[in-house]
Amino acid sequence: MGADSSLTMAGTMRKGGLAHVTVADGHRLPFHDSCFDGAWADRVLQHVEDPEQVIDEMTRVVRPGGRIVLADPDYATQVLDIEDQHLATRVLHFRAEAALRNGTLAHRHPGMLAARELEDVTVEARTLVVRDPTAVDNVMGLRTWAHTATARGYLDQSEADRFVAQFDQAVRTGRFTYAVTFFLTSGPLQDVRHGLGHTPSAKTTVDQMVAMLTSARLLSEAVLLRRLGFSEAQCRRSLDYQQDRGTASALMKKSFPDATPHRSTST
């Protein structure tokens, strides 16, 4: 089941092979309590008005023993190689602090889950490094960020024009490099059936979910990396649980049957 407040994104999920999709507000999910084996938010919390409430809703609809997964970039980790590094920093700061509601929240996701008494919270940091400016949806529209900042009063027009000129120069000379780190955070809800105060191990929970082909962790990681442009082989190598590679590969192929990898690398 997929949910998004955007009708366009809901349609994209359907085209990607997700059978059940609804248009809904993450702050008020239209589902009963404890009705899912897991819930994952893929680049969602950076956009929402109240991330705390969205996480509360995710924990509400997941059964005890199920898993919560959060995946977002932390734009405070951005770097860009153009000639004027001060100008680059200002544009990247605009993206992180002004263009998005919660652009620098991802590194705080573990603490947000821990505050809800999720135990065994795990965090994986994956840095997206882009040398090809046409990859990853034209680097998430990076070339336009300076003029967007100008429209909102954060930069002068001359500064925005200079940023674009230096961006294009970096591309022509092979200097262009952009990087940002994504945080994949997950944790299981306590399951009272396993004993008061005891949380089943992450391994046990994932195995149970994989058996039903609804592993939030594997699906989130595979879909996130594939959408970012990593090859299918790279996605398979990234999985921690070797025995689950076949399941992850099947899920990726089902979600992205016509996807082609972009030229990007991870570190």
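## Helix H7 and its end

Helices (H or I, at least four residues) and strands (E, at least two) are DSSP runs, numbered from the N terminus. This is a predicted model: local features need pLDDT of at least 70, side-chain atom pairs count only at pLDDT 80 or more, and totals for chains, interfaces and linings use all residues. Residues are numbered from 1 along each chain as its sequence is written, and side-chain values use heavy atoms, with hydrogens and water left out.

H7 covers residues 157–172.

Buried means under 20% relative accessible area, exposed over 50%, partly exposed in between (1.4 Å probe, protein chains only). The buried residues of H7 are Glu159, Ala160, Phe163, Val164, Gln166, Phe167 and Ala170. Seen down the axis of H7, they fall within an arc of 165° (directions from the helix axis to the C-beta atoms), so they line one face of the helix. Exposed Ser158 and Arg172 sit on the face turned away from that buried side.

The buried residues of H7 pack against strand S4 (62–80), helix H3 (85–99) and helix H6 (145–151). Contact here means heavy atoms within 4.5 Å.

## Helix H3

The buried residues of H3 include Leu87, Val91, Leu92 and Phe94. Those buried in H3 pack against S4, helix H5 (135–141), H6, H7 and strand S6 (178–188).

Terms used: Expected span 1.5 Å × (residues − 1).
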